[in-house]
Amino acid sequence: MFYKLNNKAIKNSLSEQVQEISAQNVFDCYQCGNCSSGCPVVDYMDISPNQVMRLAQFGAIQEILDSETIWICSTCLQCSSRCPKGIDVSKVMEAFRAINLRKRFSKVEPNKTQIQNIKETPPILLVSAMRKMTG
Amino acid sequence: MNLPYYPGCTLKANASHFEDSAIKAMEILGHQLVEMKDWVCCGTVFSQTDDDLMLHLASIRNLLRAKEQGFDELVTLCSMCYNTLNRSKAFIDSDPDNLKKVTDFMYRENIEYDQDIQVYHLFNILKDRIKYETIEKLVHNPLKSLRLGAYYGCLLVRPKEFAIDDFEEPTIIEDFLRILGAEAIDYPYKLECCGAYQTLTQKDVSVKRCYEILNSAKKANCDAIVTSCPLCAYNLDFLQKEIEKEYVGFVNIPVFYFTELLALALGHTWEASWSELHAVDPLPLLKDKQLI
Amino acid sequence: MKRIGVFICHCGVNIKDTVDVELLTEQLENYPGVVHIENYMFMCSDPGQNQIKAAIEENKLDGVVIAACSPTLHESTFQNVIEEMGINKYQLEIANIREQCSWVHNDKEEATRKANLIIKTALEKLRLNESLSPVSSPMTKRVMVIGGGIAGIQAALDIADGGYEVLLVEKKPSIGGHMIQLSETFPTLDCSQCILTPKMVQLAKHKNIKLYVNSEVEKVEGFVGNFTAKINRKPQYVNPDICTMCGDCIDNCPVVVPSEYDEGLSWRKAIYVPFPQAIPATFTIDTENCLGFDPIACGECRKACKPEAINYDKKPETFEEKIGAIILATGYDLYPVEKMAEYGYGKFPDVLNGLQFERILSATGPTGGKMLRPSDGKIPKEIVFIQCSGSRDPERHNSYCSKICCMYSLKHAKLYKHKVHDGQPYIFYIDIRSGGKRYEEFIQQAVSEDGVIYIRGKVAKIYKEDDKMIVHGMDTLTGKKIEIKADLVVLAQSMIPSEGVNKLIQNLKLSTDEHGFLNEAHPKLRPLESIQSGFYLTGAAQGPKDIPDSVAQASGAAAKVLALMSQQEIYHEPIIAWVDEEKCSGCGICISTCPYGARALNFDGIAEVNEVLCEGCGACISACPSSASQQRNLTDDQINNMIDIILQDNLENSLEKEDMI
């Protein structure tokens with residue numbers, strides 16, 4: 001596929017929303033790739049974190065919203081701690097999740113999780129997963 | 001001395017041995033962990049969104065409750081509670097607008113949130129207040145010949161503004177293990193994410209992460225892993241069943257909470273109830289090293 | 001009263017489109033003192049200048065106001081014009097109605113009113129201008145170069161060849177700088193030492209060059225043409241006239257310290273020769289590590305020295321030198337690997353910085369030019385180079401690009417391949433910057449012929465596993481995570497101003513950028529000189545730079561200095577402070593305010609101005625509580641008159657508005 005870039009495509013309302021929710025300027029990114037290099041789960045992602053930043057600069061927000069990447073991200077903050085430009089990449093990731101979740105979208109249905117033994121499962125796991133993945 | 005203490009959800013459930021060992025160890029050190037009343041869940045994960053204050057209210061209400069009970073500090077054991085309470089507090093405190101909105105919203109509370117309360121991790125207390133040198137003198141059962149890998153995970157060291165030590169090369173846990181008489185082993189994956197809540201949704205991610213972490217520690221010849229986060233502890237310990245299936249030849253390795261080892265080193269007897277909450281039984285190792 | 005001519009420039013349409021020049025001409029025609037007024041399309045053009053000359057002659061003008069662009073552009077053009085006509089050049093005032101008026105306004109009526117006021121203030125100032133002549137002082141025809149790296153060497157040689165005496169002051173025991181540590185140089189791969197040592201020898205033998213090694217400049221006083229430098233020289237404990245260079249002292253010295261020349265990859269004794277081709281070629285004693293200064297503790301080298309050339313009792317000496325100009329060539333250091341948290345804080349022996357790798361490549365290095373890694377002496381088969389290590393990282397390290405790393409990392413990879421034919425070099429990069437003659441070709445050839453693999457992405461983490469360095473990176477072009485089990489990693493550490501320069505810069509009151517690199521007077525048009533006259537910049541002290549650029553800048557600065565030295569006297573703008581002795585109370589506030597050290601109290605307790613030192617900044621004038629300090633041609637009277645004109649207009653304007661109401 002190819003991107004038809006123009007002024008309107010780059011500055012759309014969704015990308016404004018991302019900047020507002022995350023309070024990060026995606027245009028600070030100069031694509032050094034450090035976020036992806038250090039990401040512990042990048043091999044499970046369909047779009048790498050630096051590509052997320054690039055797409056966000058293009059305004060191609062919907063593609064990111066539909067990706068698996070934003071749900072694979074476990075907010076370990078490695079990218080944020082190492083970004084040479086001080087971008088909190090994990091906040092950008094959270095913004096994409098938030099846009100989905102605020103539309104009552106849920107990545108996981110509580111009754112369809114991979115829990116085998118509820119007694120053995122700690123509350124910290126249940127609560128954090130539900131907070132991150134249910135709208 | 002009394003230390004106001006915030007337990008968090010998991011320390012009252014699957015990680016009750018974490019709490020139990022902490023209380024007992026602190027008693028030996030002459031400090032009482034006093035559980036605050038009426039606490040609620042901190043929300044576990046700190047909300048990274050900049051525009052939704054509601055997600056920080058639980059944390060702020062806990063701080064308000066503590067203040068109400070006359071405390072000006074709170075000690076946590078769980079890395080996640082430490083991180084979430086601290087970051088929520090900083091997020092609200094640093095912005096007058098946020099502060100006003102939150103204060104206005106909580107108008108029916110008995111007192112007003114005045115920001116004047118500090119959140120510490122037990123490691124802060126052990127290192128800076130009680131001091132490692134003092135603890136060292138009280139070690140009666142040194143963990144000799146135990147080769148331990150400190151596992152920091154994410155939330156003790158990130159974001160860097162809230163790190164309890166250097167965020168790339170911390171040594172606070174290793175230093176702690178050394179004063180207990182153990183050998184602290186450095187291994188490259190000590191700051192890598194365990195997969196966290198992916199265990200619920202994408203278990204294969206967590207299984208692989210935990211395998212890599214444990215394998216890295218084992219390559220460095222660790223006998224066991226030491227952590228302070230109930231989620232990390234759960235993943236690293238309980239996912240070993242799955243790791244065994246996925247990675248042929250993987251041999252189990254016990255996962256401890258740092259307080260269990262502290263209590264043991266200070267001369268407290270190892271309790272059977274603690275063992276029950278471990279997936280990989282630590283008793284053979286402890287017996288082998290003649291620590292119990 | 002002065003007979004003043006006013007010349008209004010259209011500047012094509014730049015002024016005319018926004019300011020009504022015809023109306024201005026009409027309005028100012030009858031202003032007191034104006035005997036001639038005209039407007040023209042380009043006053044700076046030859047016809048424009050001729051019109052001014054004709055008007056001066058015809059109307060016997062003795063003062064001129066040009067209403068045009070900023071005085072930084074054409075003030076000297078018009079000064080020359082009136083000087084040619086026999087008028088003192090300080091009887092010219094520029095009314096800037098372009099940058100400060102037409103370019104920044106849209107409303108023509110308002111802009112015209114503002115232009116009118118700007119011209120009137122210039123007229124008011126001109127009315128009280130004195131005729132001045134430049135301040136002059138004699139020129140000391142000697143130059144001091146601080147720093148003996150390639151930039152300092154080149155500048156010293158060029159000036160000395162021009163026939164002037166040069167003092168070269170070097171902190172270390174030998175000249176040569178970092179260039180002497182390099183193996184080969186990009187993009188030609190000629191041997192660094194082979195091209196540098198002839199220059200070092202030439203310098204040592206040059207009759208016009210005096211070399212002070214182990215020396216530091218403590219203080220510089222005075223002004224351009226007349227500096228006095230205080231130099232501190234560590235003693236030479238070994239008398240070179242007696243020393244036979246036999247080396248017995250080294251054999252008997254019990255102290256072993258890491259070698260600076262080999263960047264810590266080998267060892268040297270406390271008495272040593274920095275490197276084989278060192279200049280001056282003598283033994284030197286490292287006083288910080290030598291035990292011999294306590295005769296009870298050691299003294300082995302003195303005992304071993306048969307010709308008795310060693311004397312511990314010598315003391316450091318401080319002496320003064322008179323010079324006319326100073327060239328700063330203080331060079332660079334590498335950003336410490338110890339600051340790179342993610343790359344192991346310098347704790348891994350097989351993670352090197354670029355200079356250390358140069359030493360491993362070099363025939364005079366710790367491995368004798370064999371490609372062996374420090375930890376176990378094995379030949380590295382997989383080698384990773386990481387660019388931008390500490391550069392382009394405003395969050396944690398340095399925000400700037402260090403400019404030379406792209407080229408030297410590739411040179412490293414290439415030289416490595418020349419030594420290890422079956423080895424594989426990888427270079428992690430973010431962008432490749434190869435703007436230089438034959439630089440791009442150098443890179444392309446390495447990629448297509450030498451098998452250097454470029455990976456676009458920053459390395460997040462390096463750790464040790466068994467005897468390998470595990471490198472975690474990312475290829476952002478494919479979006480794939482990369483893991484390399486490397487035998488050796490080389491970090492292209494960013495360049496920082498050399499250690500200890502901060503102190504020198506503070507002593508000399510020079511300005512630097514936020515990173516500590518010396519500031520040039522103008523980033524485009526005056527790149528070789530400091531804003532403080534008499535100081536010139538060369539090499540990496542001004543910013544990251546490669547050898548060709550450093551040499552070019554050194555020769556350029558030398559040419560600037562030669563031009564300065566060719567003058568018998570040094571001239572200085574006369575727009576400076578003077579003191580009304582009647583009013584001066586001798587409080588001394590001006591002395592503490594003056595940034596140039598130009599103010600002092602004389603024997604009568606009156607504050608004086610050193611006319612050569614004074615830069616006319618005006619700080620003392622605003623600070624003087626009794627208005628005794630005044631600026632020539634910017635006196636309180638002149639400024640008050642200018643303000644009056646503006647206030648008067650404002651008052652009239654507001655009355656007008658009231659009338660309308």
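**How chains A, B and C are put together**

Colleague: How many residues of chain B are in contact with chain A?

Modeller: In this predicted model, 36 residues of chain B are in contact with 37 residues of chain A. Two residues count as being in contact if their C-beta atoms lie within 7 Å.

Colleague: Which elements of chain B give two or more residues to that side?

Modeller: They are α7 (198-201), α8 (203-219) and α9 of chain B. By residue type, the side of chain B that touches chain A divides into 18 nonpolar, 11 polar and seven charged residues.

Colleague: What makes helix α9 of chain B largely enclosed?

Modeller: A residue is called buried if 20 or more other C-beta atoms lie within 10 Å of its own. Nine of the nine residues of this helix, residues 230-238, are buried, so the rest of the structure largely encloses α9 of chain B. Among them are B:P230, B:Y234 and B:F238.

Colleague: Which residues are buried in helix α9 of chain A?

Modeller: In that helix, residues 123-133, the buried ones are A:I124, A:L125, A:V127, A:S128, A:A129, A:K132 and A:M133. They pack against α6 (69-72) and α8 (89-101) of chain A, and also against α3 (79-93), α7 and α9 of chain B.

Colleague: How do you know that chain B agrees with a compact globule?

Modeller: Set the value against the rule: for 292 residues, a compact globule would have a radius of gyration near 19 Å, and chain B has 19 Å, so the two agree. Along the principal axes, the C-alpha atoms of chain B fill a box of roughly 60 × 45 × 30 Å.

Colleague: What else can you tell me about chain B?

Modeller: Chain B has 13 helices and eight strands, and buried residues make up 51% of its 292 residues. Of its contacts with a separation of 6 or more, 79% are between residues 24 or more positions apart.

Colleague: Where are the domains of chain A?

Modeller: The domain assignment gives domain 1 (9-103) and domain 2 (108-135) of chain A. Their C-alpha centres lie 24 Å apart.

Colleague: And in chain C, how many residues of domain 2 are in contact with domain 3?

Modeller: 14 residues of domain 2 of chain C are in contact with eight residues of domain 3 of chain C. Helix α6 (residues 192-205) of chain C gives the largest share of the domain 2 side, five residues. That side divides into eight nonpolar, five polar and one charged.

Conventions. Residues numbered from 1 in each chain as written. Chains lettered and ligands numbered in written order. Predicted model: local features only at pLDDT ≥ 70, side-chain atom pairs only at ≥ 80, totals over all residues. Buried ≥ 20, exposed ≤ 12 C-beta atoms within 10 Å, placed from the backbone. Helix = DSSP H or I, 4+ residues; strand = E, 2+ residues; numbered from the N terminus. Nonpolar A, V, L, I, M, F, W, Y, C, P; charged D, E, K, R; others polar. Rg over C-alpha atoms; globule rule 2.2 N^0.38 Å. Domains from an automatic or database assignment.
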